[in-house]
Protein chains: 2
Amino acid sequence: MVLRPAGALKEPDVSERVVAAAFELFAADGYEATTVEAITQRAGVARRTFFRYFRSKDDVIFPDHEELLGRALDRLAELDDRPPVAAVCAATALVFEHYVGTPDRSLERYRLTRAVPALRAREIASVHSYHRAFTRYLTERFAGADRAEAALWAEAALRAEVAAGAVIAAHNQVLREWLRHGGDERGRDALEAAFGYVCRTFEKAPRKGRTQEAVVVVVRTDDSADAVATRIRRLLGEASAN
Amino acid sequence: MVLRPAGALKEPDVSERVVAAAFELFAADGYEATTVEAITQRAGVARRTFFRYFRSKDDVIFPDHEELLGRALDRLAELDDRPPVAAVCAATALVFEHYVGTPDRSLERYRLTRAVPALRAREIASVHSYHRAFTRYLTERFAGADRAEAALWAEAALRAEVAAGAVIAAHNQVLREWLRHGGDERGRDALEAAFGYVCRTFEKAPRKGRTQEAVVVVVRTDDSADAVATRIRRLLGEASAN
């Protein structure tokens, strides 16, 4: 893992060992029947060690949630030159890569979250934290220089929440299909196609209160370029050249 | 309430009385300190009666969830003549009306769900059940006659999940703003504007794999109408006149 110091990789990582042991036991004995004691015994760690890394048995299922969210937000911060929705798609793709990179664990987690309602609820709540974070990012990007104006900020916040919801829905749809098909090869292509659809939908979406129309401009060869530019701006409802 | 037989309204409704008592106690003593016993005592009902209507104390917070979801789906079934995303917006507006129609309870619930993480998690999970139901509806509508073709069904499912996510995000954003501002008058207008934005974004959204471009067709006065129609269909990438 990129964020872990290289030295730490030489020693088998304790929390990794706990997670692996827990998933083996969940698969063999079921989630309910597996105790924290059984997990620590199999992983060869003390109970105290377990609770240094995890708050509960549930926590073992989503050990990377905080780190993944952090990495996605770091990635977003690097992508300010991309269109806003495309940047959020690229950050979300990191999450997908994480699942695809550990297919066995992802499939076992999928099975568990479908079987145990409390885990399902936790998973849904973790999706929600992405939605909140992406909405914050997109609101800033959409509002841009207008952030001081309350009405424009409110409009940006709405567009941000809607677009973040759309990106996450696309990701979840592709991820779920990938999991349903047992983690096959086509996952990345499907995600790219899905994000392409979302970007086209939102980057070209009409601004609030405008309808999208095609306008044919007939230009006389003796018009000045400035006069044509002024007419086009007026046609597009823009007050200034920017 | 429309769905309750008129006769039942004369007797104070038992579950209503329990909910009202519970919310009074939550507000006065806090959620954690309020017991089921205290609620039944205040409502003047037996403990057994409480558990006929509610599975737990948490359940009292969202007593209308199932009924509301059912009403939203009934509404959807009546709206098959509207564009699909507009139909989902209209069904979602029922949920908003429910909150706006009982502002005191909505505000108290908002305060509670923000203060008690378990309630917050339940609320998020209930949002998820709308997302699932709306995705199913939209997939059918988007796929239309193509539902037998797996690739087209998959494309419809993706568009459905994304659009459902967008409608719900718009609703939640407006609802949250309404709650934050103490349930003021502008809620309905804000919802209408938000849904207008979502409908414009999705009903005009480009289909997957296509880019949106304007095409200027120059027609000769001696072209036949059929020849022009054929050219236009080819330009739009359509194989037949449908």
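Axes are lines fitted to C-alpha atoms, for helices over the stretch in contact, and angles between N-to-C directions run from 0 to 180 degrees. Helices (H or I, at least four residues) and strands (E, at least two) are DSSP runs, numbered from the N terminus.

This is a predicted model, in which local features need pLDDT of at least 70 and side-chain atom pairs count only at pLDDT 80 or more, while totals for chains, interfaces and linings use all residues. Residues are numbered from 1 along each chain as its sequence is written, chains are lettered from A and ligands numbered from 1 in the order in which they are written, and side-chain values use heavy atoms, leaving out hydrogens and water.

**Chain A overall**

Chain A has 11 helices and 0 strands. Its 242 residues are 41% buried. Buried means under 20% relative accessible area, exposed means over 50%, and partly exposed lies in between (1.4 Å probe, protein chains only). Contact means heavy atoms within 4.5 Å. Among contacts in chain A with a separation of 6 or more, 67% join residues 24 or more positions apart.

| Helix pair | Axis separation | Angle |
|---|---|---|
| Helix 1 (residues 14-29) and helix 2 (residues 36-43) of chain A | within 8 Å | roughly 120° |
| Helix 5 (residues 65-78) and helix 6 (residues 84-101) of chain A | 9 Å | about 150° |
| Helix 5 and helix 8 (residues 117-143) of chain B | within 11 Å | roughly 20° |

Angles under 35 degrees count as roughly parallel, over 145 as roughly antiparallel, 65 to 115 as roughly perpendicular, and the rest as oblique. A crossing is left-handed if the near helix is turned anticlockwise from the far one by less than a right angle, and right-handed if clockwise. For residue classes, Ala, Val, Leu, Ile, Met, Phe, Trp, Tyr, Cys and Pro count as nonpolar, Asp, Glu, Lys and Arg as charged, and the others, Gly among them, as polar.

Take helix 1 and helix 2 of chain A. They are oblique to each other. Their crossing is right-handed. Residues from helix 1 of chain A, including A:Arg17 and A:Phe26, meet A:Ala38, A:Ile39, A:Arg42 and A:Ala43 in helix 2 of chain A. The contact residues divide into 8 nonpolar, no polar and 3 charged.

Helix 5 of chain A is roughly antiparallel to helix 6 of chain A. It passes helix 6 of chain A in a right-handed crossing. Among the residues that meet are A:Leu68 and A:Arg71 in helix 5 of chain A, and A:Ala87 and A:His98 in helix 6 of chain A. The classes here are 8 nonpolar, 1 polar and 2 charged.

In chain B, helix 5 and helix 8 are roughly parallel to each other. Their crossing is right-handed. The contact includes B:His65 of helix 5 of chain B and B:Tyr137 of helix 8 of chain B. It has 9 nonpolar, 3 polar and no charged residues.

**Single residues**

B:His65 sits in helix 5 of chain B. Its relative accessibility is 18%, so B:His65 counts as buried. Not counting residues up to four places away in sequence, B:His65 touches B:Ser126, B:Ser129 and B:Tyr130.

A:Ala125 lies in helix 8 of chain A. A:Ala125 is partly exposed, at 29% relative accessible area.

**The core**

A nonpolar core is a set of buried Ala, Val, Leu, Ile, Met, Phe, Trp, Tyr and Cys residues joined through side-chain atoms within 4.5 Å. The largest has 90 residues, and A:Phe202 and B:Phe202 are among those with the most contacts inside it. Leaving aside neighbours within four places in sequence, A:Phe202 is in contact with residues including A:Val85, B:Tyr197 and B:Phe202.
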